[in-house]
There are 2 protein chains.
Amino acid sequence: MGDNAPPASLKAFEEKLLEVSESLPKRLRQCADYVAANKDRIAVSTVAEMAEGAGVQPSALMRFCQILGFSGFSEMQRLFRESYVGGWPDYSTRLKHLREKPEGSPAALLGEFVDAGRASLESLLNTVDPANLTEAANLLSAANVVHIVGLGRSFSIATYMAYIFEKMEVPAVLHTSLGKLDNRHAIRKGDALLAFTFSPYSSPTLDLVENAAARNIPIVAVTDSAIGPLAKFRPVTLLVSEVDFGAFRSPAATLCLATALAVSVGTAKPGSA
Amino acid sequence: MGDNAPPASLKAFEEKLLEVSESLPKRLRQCADYVAANKDRIAVSTVAEMAEGAGVQPSALMRFCQILGFSGFSEMQRLFRESYVGGWPDYSTRLKHLREKPEGSPAALLGEFVDAGRASLESLLNTVDPANLTEAANLLSAANVVHIVGLGRSFSIATYMAYIFEKMEVPAVLHTSLGKLDNRHAIRKGDALLAFTFSPYSSPTLDLVENAAARNIPIVAVTDSAIGPLAKFRPVTLLVSEVDFGAFRSPAATLCLATALAVSVGTAKPGSA
DNA sequence: GAGAAAATGGAATTTATGATCCATTTTATG
DNA sequence: CATAAAATGGATCATAAATTCCATTTTCTC
């Protein structure tokens with residue numbers, strides 16, 4: 001039973017939440033999950049708002065508060081309002097804060113990468129040609145099977161594409177070069193190839209593209225240069241320029257493009273055969 | 001007279017406050033001063049509390065709100081509450097819409113994802129605890145070998161981590177569950193485990209974490225809930241809140257965090273042995 | 001599969017809070 | 001100093017929010 005002292009600090013609150021959340025029925029679990037993920041909202045929301053967010057009735061949320069040891073929502077809210085430390089400043093201020101941390105500290109780095117990520121997302125809308133994007137989506141949704149290739153730096157993007165395609169029931173194969181097998185003959189007439197490759201362009205990817213091009217398989221290329229080694233195969237090209245931070249590029253933009261492309265294909269595709 | 005449009009942003013609010021405060025009688029001036037000095041409290045206080053703080057009657061504070069152009073205290077408070085929580089709920093509904101009837105060109109879709117990506121990067125600065133990030137980086141750089149695990153949705157992140165670690169000469173192993181082999185015995189004393197897992201938490205990942213926890217292997221968890229199934233193993237937790245819409249979640253924020261973490265570890269690590 | 005216990009949804013109730021109003025006080029002005 | 005206008009305090013009213021209660025549904029146990 002939950003008839004016990006209410007947590008007196010945010011730390012105690014978290015512990016209580018953890019302790020309690022092990023054994024909770026469905027609705028109360030939803031409350032716990034939502035509250036855990038939106039602690040910051042508690043101070044400024046009403047029961048009704050929180051309940052709606054969690055997808056439960058207000059009364060369920062009340063019960064949840066009581067299980068945590070509070071007399072009700074108000075008492076829980078009081079805890080959060082009291083320890084509400086001068087409202088969060090806006091994005092740029094927060095960023096500045098992070099950057100003020102010691103040079104090279106993980107927090108400062110995170111700030112830099114977030115910033116780089118945002119910048120590269122912004123430029124994405126400029127570098128990607130909408131017509132090409134539409135063409136790419138059409139081409140891929142018309143394919144029997146979409147073959148995805150991307151190695152090295154691009155491998156993570158390729159795996160993510162494979163994941164979304166599978167979720168959206170788009171027939172797709174991920175080419176991994178596992179064991180140096182390149183499975184080029186798995187690519188059949190009527191299929192399409194989706195290739196990700198960035199500046200130290202890996203040769204297995206190029207080989208696969210070259211082979212496919214020779215057989216007139218339609219190709220979509222996500223790459224960083226219009227005149228890269230892929231250009232001569234005349235693929236439908238989606239350009240991404242990733243903002244460097246130090247030696248590291250943030251793949252956030254590429255990932256974003258990949259997601260949009262995958263969802264376009266997934267929704268355009270008629271119900272699976 | 002103060003019958004004018006209410007400020008629509010914090011910036012507009014400040015300007016209005018300044019403009020108005022020149023010519024104000026005693027009590028209203030107290031209101032202005034107190035409000036200016038305690039803007040952060042507005043979101044979480046009642047009229048009565050604010051009035052007491054300013055040393056005036058509630059009715060005086062009401063009048064003050066109206067002079068600023070608001071219909072009353074509630075409307076002013078709404079401005080502060082909304083700018084505090086940011087625009088996340090909007091995205092939820094927008095993306096849900098998108099999923100229900102996917103109208104719109106791929107380019108429009110890309111626009112949506114870029115927006116969502118930017119917002120989720122921004123919120124990353126709120127959810128990740130800098131102290132935990134530092135601790136995670138220290139813990140991983142102290143390890144002999146870093147073991148990376150992440151399946152399903154998280155697999156692409158895991159592969160990216162493995163890529164950067166390798167580039168930075170940090171000894172790391174990617175656990176893929178290829179062939180259902182979980183290689184749990186590859187994790188030795190002195191190693192550390194880095195686990196990525198999000199809401200349909202995959203059981204192989206949990207198993208691996210459980211096993212490692214039982215052997216006192218230090219664990220860093222990148223996840224979406226402080227009370228998720230990983231919580232009971234008390235890992236160093238890095239929270240990323242990606243609102244869940246099946247395939248529509250953009251992992252840009254997680255990727256960004258992963259990159260920052262990897263680079264932190266890579267630079268902290270003393271020259272390779 | 002029947003019965004009991006737990007959990008849940010939604011309406012009804014209570015409380016707290018915001019907003020309004022007007023008598024009283026203060027300040028400005030001739 | 002008298003008068004009018006403005007400002008203020010505090011009580012009252014209206015409303016929105018928190019809380020409780022109970023009928024219904026679900027889940028567990030024998």
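On a 1 Å grid over the protein atoms alone, a pocket is an open set of points with protein on both sides within 12 Å along at least five of seven lines, while a cavity is a set of points where a 1.4 Å probe fits but cannot get out; lining residues have an atom within 4 Å of a point. Grid points are joined across faces, edges and corners, and a volume is the space filled by probe spheres set on the points.

The model on screen is predicted, and local features need pLDDT of at least 70 and side-chain atom pairs count only at pLDDT 80 or more, whereas totals for chains, interfaces and linings use all residues. Residues are numbered from 1 along each chain as its sequence is written, chains are lettered from A and ligands numbered from 1 in the order in which they are written, and side-chain values use heavy atoms, with hydrogens and water left out.

**First stop: the second largest pocket**

Select A:Phe155, A:Thr176, A:Leu178, B:Phe155 and B:Thr176, which lie nearest the centre of the second largest pocket among its 20 lining residues. The space in this pocket comes to about 520 Å³. Two or more lining residues come from each of α10 (155-167) of chain A and α10 (155-167) of chain B (helices are DSSP runs of H or I with at least four residues, strands are runs of E with at least two, and both are numbered from the N terminus). The most is given by α10(B), with 5 residues. By class, the lining holds 11 nonpolar, 8 polar and 1 charged residues, where Ala, Val, Leu, Ile, Met, Phe, Trp, Tyr, Cys and Pro count as nonpolar, Asp, Glu, Lys and Arg as charged, and the others, Gly among them, as polar.

The whole structure has 5 cavities of 30 Å³ or more, and the second largest cavity has a volume of about 70 Å³. To find this cavity, select residues of its lining, including A:Val149, A:His175, A:Asp182, A:Pro204 and A:Leu208. Helix α11(A) supplies the largest share of the lining, 3 residues.

Stay on helix α11 (residues 203-214) of chain A and pick A:Val209. Is A:Val209 buried or exposed? A:Val209 counts as buried because its relative accessible area is 1%, the class limits being under 20% for buried, over 50% for exposed and partly exposed in between, with a 1.4 Å probe and protein chains only. Not counting residues up to four places away in sequence, A:Val209 touches A:Leu193, A:Ala195, A:Ile219, A:Leu230 and A:Phe233 (contact means heavy atoms within 4.5 Å).

Move to helix α3 (residues 39-42) of chain A, where A:Lys39 is found. A:Lys39 counts as buried because its relative accessibility is 19%. Its side chain reaches the backbone oxygen of A:Ala36 at 3.4 Å.

**Last stop: DNA strand D**

Finally, select DNA strand D and the 16 residues around it, of which A:Val47, A:Phe73, A:Ser74, B:Arg27 and B:Gln57 come nearest (near means a heavy atom within 4 Å).

Key:
A polar contact is a pair of N or O atoms within 3.5 Å; within protein, one must be able to donate a hydrogen and the other to accept it, and residues adjacent in sequence count only if both atoms are side-chain atoms.
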